Amino acid sequence: MAWIKGHNLHLSLGGPALLDGVDFAIDSGDRVCLVGRNGVGKSTLLRVLAGDLPPDGGKVLVQPGSQIRYLPQEVPSGFSGTTRTIIASGIVGSLSRTQGHSESDPTTLELSQEWDVSVRVNTLLTRLDLDGDKDFSTLSGGLKRRVLLARTLVSHPDILLLDEPTNHLDITAIAGLEKICSEYSGCLVFVTHDRMFADKVATRIFELDRGQLTDWPGNYAEYLRLRELRLQTEAQQDALFDKKLKSEEVWIRQGIKARRTRNMGRVRALEKLRETRRVRRERMGNVRLRLEEAEKSGKLVIEAEHVSYQYEGVSIIKDFSTIIQRGDRVGIIGPNGCGKSTLLGLLLGKLTPVAGHIRQGTRLEVAYFDQLRATLDEEKTVADNVANGRQQVEFAGRSRHIIGYLEDFLFSPDRARMPVKALSGGERNRLLLARLFLQPANLLVMDEPTNDLDVETLELLEGVVGEFEGTLILVSHDRTFLNNVVTSTLVFEGVGEIGEYVGGYDDWLAQRPVLEEVGKVKTVEKVKKTVEKNRERRKSFSERKELASLPGRIESLEEQLASLHQTMADPHFYKNAQGHEVAAIQQKEQLLEQTLAETFQRWEALEAIPD
């Protein structure tokens with residue numbers, strides 16, 4: 001029996017139906033990625049599954065006794081305490097309820113369960129790179145969301161619903177979340193715009209389109225291939241239908257001839273054709289993107305020599321040097337808060353280094369995409385934010401009406417006249433792109449442009465940026481976007497230190513120093529500081545229990561790896577296995593190796609703490 005089912009679900013929120021007779025069934029072990037354009041109802045469907053929003057019709061059926069956990073896009077209010085306390089609250093309540101105790105009285109938990117809570121919380125703190133002693137109220141919005149993500153995951157629910165879990169996470173946290181979700185044994189349903197995350201985690205794809213839900217087997221890459229074939233078939237069928245309708249309309253307009261034939265069955269068939277065409281919902285159009293390019297800049301765009309920068313005595317950038325030339329496409333990678341936006345400010349001359357110097361080339365025309373969206377006026381309309389009250393804008397050498405221009409970015413006339421404060425995150429990003437692309441530029445600087453954009457818009461943006469003949473500087477946690485767009489990367493490696501590599505994200509993974517973990521930089525200095533901090537205190541009871549269990553866990557992981565290597569060493573394996581089976585084995589091998597490395601590091605850290 002499926003863990004969760006949807007039966008004939010209907011829902012409309014004042015417009016076209018978001019759910020129009022939707023059916024599905026999800027079993028234990030399924031990891032379902034819910035995809036679709038912005039506004040089709042993905043988040044709404046998650047709310048229906050979570051029980052937060054009742055459907056207009058139909059039912060959601062859940063196995064009795066199942067535990068559901070839901071992570072919304074926005075950070076809810078009402079949480080206080082340390083990071084560790086808030087994460088633990090996601091499991092203490094469920095454990096205490098199974099014993100018949102009040103959720104507000106976790107002190108009655110058995111010692112073994114207290115140890116289990118501690119182990120789970122510590123694991124999530126490590127994988128999501130969180131400080132358990134930080135006060136929640138002092139954290140940034142991105143870190144708060146990461147804490148609530150950990151709180152959602154910690155109870156190991158039967159059904160897990162995640163709405164854009166990678167939003168505002170850095171590459172380190174995304175890699176940790178990928179590992180957690182890939183190992184998850186319950187029912188997982190998630191919405192994401194991160195294509196690499198979807199490809200690595202999903203085992204099924206649900207596509208929500210025009211009120212209908214289509215179930216696609218396999219990972220995200222297989223879904224893209226099959227969807228393209230389906231869209232081609234759908235387009236051909238629609239073309240044949242429209243051709244038949246057109247011929248029947250010609251027949252009925254012949255008037256006297258049509259009436260003489262007295263073929264009322266054909267007339268009724270035409271009426272049915274008209275009704276079918278009337279209710280047919282077209283696919284949402286694509287954003288039409290094009291950059292307004294300026295004249296070429298000089299060959300040298302930016303040169304930095306031995307640049308250092310500090311903030312309130314803290315070193316952000318140390319002895320950094322680079323040369324960016326016309327046509328270069330530079331990606332910037334690093335954890336949240338490391339100084340990526342500061343580096344952009346230095347390169348663009350908005351900040352002054354405390355040491356070294358930065359030289360900019362000639363004839364630079366800069367277009368800057370701001371991740372904080374600070375340049376939008378919340379009270380002004382969408383149109384006024386782009387055209388400043390004018391009815392016409394100049395683009396590609398000709399004048400266009402602002403409403404027509406905004407329709408290229410999927411803003412209807414009514415939406416174009418709404419204030420910015422009424423827009424969703426994805427709409428705000430499209431608005432920034434609409435304004436950005438009016439600026440003639442030969443240096444395009446983009447700070448996290450991919451947040452909240454649907455996959456189709458992301459792919460179009462990739463194409464536009466790829467055709468841009470000027471210079472690109474891009475800050476992004478979207479690994480697929482980096483792979484497809486940039487030709488070199490600047491990577492924050494430890495406090496203030498920046499390494500330079502050829503290629504995109506995958507190329508950096510292949511070139512990075514051995515000391516680094518997957519998706520995460522960990523310098524020798526940081527390890528030393530952790531060990532020194534641990535030596536200042538003594539092991540807790542839960543840490544002693546965890547340390548005692550680690551040798552057995554390491555042995556088990558090594559045995560699994562050995563068995564996997566034996567399977568892969570068999571010459572008949574690659575001959576007989578299907579492509580998806582080979583990929584699954586290789587992915588499992590990578591996950592086991594990562595887990596083994598992390599377990600050894602945890603063992604060393606616990607060993608360093610005195611008894």
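This is a short walk through one protein chain, from its overall make-up to a few local details.

Hello everyone. First, a word on the source: this is a predicted model, where local features need pLDDT of at least 70 and side-chain atom pairs count only at pLDDT 80 or more, while totals for chains, interfaces and linings use all residues. Residues are numbered from 1 along each chain as its sequence is written, and side-chain values use heavy atoms, with hydrogens and water left out.

Let's begin with the whole chain. The protein has 21 helices and 20 strands; these are DSSP runs, H or I of at least four residues for helices and E of at least two for strands, numbered from the N terminus. Of its 611 residues, 47% count as buried, meaning under 20% relative accessible area with a 1.4 Å probe and protein chains only, where exposed is over 50% and partly exposed lies in between. The chain exposes about 30100 Å², and carbon and sulfur atoms supply 50% of that area, by the Shrake-Rupley method with a 1.4 Å probe. Taking contacts as heavy atoms within 4.5 Å, residues 24 or more positions apart account for 69% of those with a separation of 6 or more.

Now to the inside. A nonpolar core here is a set of buried Ala, Val, Leu, Ile, Met, Phe, Trp, Tyr and Cys residues joined through side-chain atoms within 4.5 Å. The largest one has 47 residues, and Ile 402, Tyr 405, Leu 406 and Met 446 touch the most other members. Helix H14, residues 425-436, gives the most to this core, with five residues. If you click on Met 446 and leave aside neighbours within four places in sequence, you will find contacts including Phe 369, Leu 433, Leu 461 and Ile 473. Apart from this core lies another, of 41 residues, among them Ile 86, Ile 91, Cys 181 and Tyr 184.

Next, a sheet. Strands S2, S1 and S4 form an open, antiparallel sheet in the order S2-S1-S4, where pairing takes at least two DSSP bridges between two strands. S2 (19-26) and S4 (57-62) are the edge strands, each pairing on one side only.

S12 runs parallel to S18 (471-475), joined by four bridges, with Gly 331 partnered by Leu 474. S12 also pairs in the parallel sense with S19 (488-492) over four bridges, and there Ile 332 partners Leu 490.

Last, some aromatics. Rings of Phe, Tyr and Trp (its six-membered ring) pair if their centres lie within 6.5 Å; planes under 30 degrees apart are stacked, over 60 edge-to-face, and the rest tilted. The whole structure holds eight such pairs. Tyr 220 and Tyr 223 have ring centres 5.6 Å apart and planes at 45°, so they are tilted. Both are buried, and together with Trp 216 they form one aromatic cluster.
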